[in-house]
Amino acid sequence: MKQKSFLRMSILLAAVLLAAQPSIARDVQKINPFFQARTTPFQAPPFDKIQKEHFLPAFKEGIKREQAEIDAIVARNQAPNFANTVAAMDHSGIFLNDVSSVFYALLSAETSDDLQAIARELSPLLSAHGDNISLNAKLFARVKAVYEKRQSLSLTPEESFLLENTYKGFIRSGALLADAQKERLRAINQQLSMLGLKFGQQLLAETNSSRIVIDSAEALAGLPESVRAMGADTAKSLGLAGKWVFTTQVPSMTPFLQSSTRRDLREQLHRAYFMRGDRDNANDNKAIVQQIVGLRAERARLLGYSTYAHFVLEERMAKDPATVMAFLNRLWAPALERSRNEATEMQAIIDREKGGFQLASWDWWHYAEKLRQEKYAFDDALLRPYFALENVKKGIFTLCEKLYGLQFLPLANIPLYHPEVQVYEVRESSGSHVGLLYMDFHPRPGKRGGAWSGGFRRAYNEKGKRVAPLSTIVCNFTRPAAGAPALLSIDEVNTFFHEFGHALNTLFAEGVYRGRSVPRDAVELPSQIMENWALEPELLKLYARHYQTGEAIPAALVEKLKASSLFNQGFETIEYLAASFLDMAWHTLSGDAAFDVRGFEAGAMASLGLIPAIVPRYRTTYFNHMISGYAAGYYSYIWSGVLDKDAYEAFKEKGIFDRPTAESFRRNVLARLGTEDALELYKRFRGAEPRIEPLLRSRGLLKE
Ligand SMILES: [Zn+2]
């Protein structure tokens, strides 16, 4: 997923400030690192100097400066043209962006009660600042004047695209509304930003407090030594030494669900997971979702759209809800059939073992793992030693060298926000600088779940000179257990490749302007295509080496891995599609009546015929994607899946390390995405529109 904070914020954000008293302001500016020119290598954020009390004053100054920049554009005497209006807007808000990219990166990766309190205080300020820009009638009049004479301006494709998006951004933010409607829109935006924040904070609290504590060794039945050790470590870190704790964070929960033979405990842990935000306690998210969905529907209607999904999808490759629903439905039936077959196979094991129960959601991982061992005769624990984190990292570096000629140099002189973070300088084969890459691998209590990629600065041109990007990858990979390095699961290996693809997109970005507008359903193309290489035998033999013996992963194991690539694909596709449908169901509601969240969700799933042993990948009350940027957009991953599988065919045709193919992908897609129409860029690389068949085939959903 992409880091929200990294989106260019100036249009979204925004400035109501009381001027600080001049003397205080001067003091703050003397010591506040945000007010000083950066003397760090590559102008990286000076994390060694940044303190939490620096943020609010810096945000307020950033808002003030951007507002002044916008006022100056509006006050110009010259007739509006591209340079004095659109390009000038693109160049506004750099100070604010520097502050917000640091702050929101920390809020996700290294948060604290203090940062969360600052975020709550900022939310209405930034929302109002965004509205002050997007609802500025004089500014809009200038943009409109440029837009209306766009044919006569001989703009570059990047400039045309930026102008189009700037103009559309105003319309979609309410520039054409009457004053009373604009006021209502402002109020809605403020409420939505507060509610979104509250949803995330309550979810984090729920995730941190949802766990099982085990105090007798008997209850560890089935768990391998490594999983027991992890449970003991977690207990220790929570001040419960001598016990074992398993949390609802995926690296802790999944191994437990896979290996525990205590069905009652599996149920307890899985329930703790899928009831997050739905426990009718102080952190219940149901009422918040109701309000968010209602306000989004109202906002869409104000702007002239029948539903929020119509509003969102207009800007996507898919264009409208009907296209998305038809696309999801095309995948649903074959995937459901496949998942039913998987459930039948697992039930057969349960019956053979005289279990005497029906497969339930908390059994799925356990029996899937048995099935995997039966059919493919290997288990996760056998694979992990070949996927030590350092080796996987080297494997990705090797791949990037083969495809793009990149070099990665570790840097020790860059200030860090946490000592575990690693920083590399990325260089072209010629030695010229591309940008910096920060990597932060393991879970901590202050880090939200999942994995994402973002940055502290995106690439653009300043007076003809490239400003280099600072990209980040943040993950929640298995920590090293005592005496061994961090050994990754296959899922974690894929996640690493995935997030690295986002980082390459950030690092390779070319273009003069800061404003880039990548349709959400194309965002995952650069990331997902990278996953295709992860288990290619030609690459595996270069990086998948046993951490103790150095022995390359045995060919027989690779064969089994490949054979197992279709394993559990029914489940994975269905739990994902179910969440995608749920997201669409919420955002195609036209009314704002009070709905019952549980009932609505159950109804949506029943109408799909979802089998009871599968819970949607995200239920409503912990569906963070749907709340924070992927509204009516969760389908995007599989939409991008069509693109990535079709794009990877080009590599399969020419050789998976083929340099010219990689260069073409870099030049046409990675470097330009967001500066021209995504489908046009794709066709320039592939020579044709993407086809759905490679995706269906890769998931075993195509009858051949
Ligand atoms: Zn992603």
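Tutor: On a 1 Å grid over the protein atoms alone, a pocket is an open set of points with protein on both sides within 12 Å along at least five of seven lines, whereas a cavity is a set where a 1.4 Å probe fits but cannot get out. Lining residues have an atom within 4 Å of a point. Grid points are joined across faces, edges and corners, and a volume is the space filled by probe spheres set on the points.
This is a predicted model, in which local features need pLDDT of at least 70 and side-chain atom pairs count only at pLDDT 80 or more, while totals for chains, interfaces and linings use all residues. Residues are numbered from 1 along each chain as its sequence is written, and side-chain values use heavy atoms, with hydrogens and water left out.

Student: What volume does the second largest pocket have, and which residues are closest to its centre?

Tutor: Rolling a probe the size of a water molecule over the atoms shows where empty space is left. Here, the second largest pocket has a volume of about 1200 Å³. It is lined by 42 residues, and Met230, Thr234, Pro251, Ser252 and Thr478 are the closest to its centre. Two or more lining residues come from each of α8 (179-209), α9 (225-237), α10 (250-259), α15 (364-376) and α16 (380-383); such helices are DSSP runs (H or I, at least four residues), numbered from the N terminus. The most, seven residues, are given by α9.

Student: How do the lining residues of this pocket divide by class?

Tutor: Ala, Val, Leu, Ile, Met, Phe, Trp, Tyr, Cys and Pro count as nonpolar, Asp, Glu, Lys and Arg as charged, and the others, Gly among them, as polar. The pocket lining has 18 nonpolar, 15 polar and nine charged residues.

Student: Which residues line the second largest cavity?

Tutor: The second largest cavity, with a volume of about 30 Å³, is lined by Ala522, Leu525, Leu643, Val669, Leu673, Ala678, Leu681 and Tyr682. Helix α27 (residues 678-686) contributes the largest share of this lining, three residues. By class, the lining has eight nonpolar, no polar and no charged residues.

Student: At what angle do α17 and α18 cross?

Tutor: Two packed helices are described by the angle between their axes and the distance between the axes. Axes are lines fitted to C-alpha atoms, for helices over the stretch in contact, and angles run from 0 to 180 degrees between N-to-C directions. Helix α17 (residues 389-404) and helix α18 (residues 490-508) cross at roughly 40 degrees, and their axes come within 11 Å. They are therefore oblique to each other (under 35 degrees is roughly parallel, over 145 roughly antiparallel, 65 to 115 roughly perpendicular, and the rest oblique).

Student: Which residues of α17 and α18 make the contact?

Tutor: Contact means heavy atoms within 4.5 Å. On α17 the contact is made by Leu389, Val392, Lys393, Ile396, Phe397, Leu399, Cys400 and Tyr404, and on α18 by Val493, Phe496, Phe497, Phe500, Leu504 and Phe508. These residues divide into 13 nonpolar, no polar and one charged.
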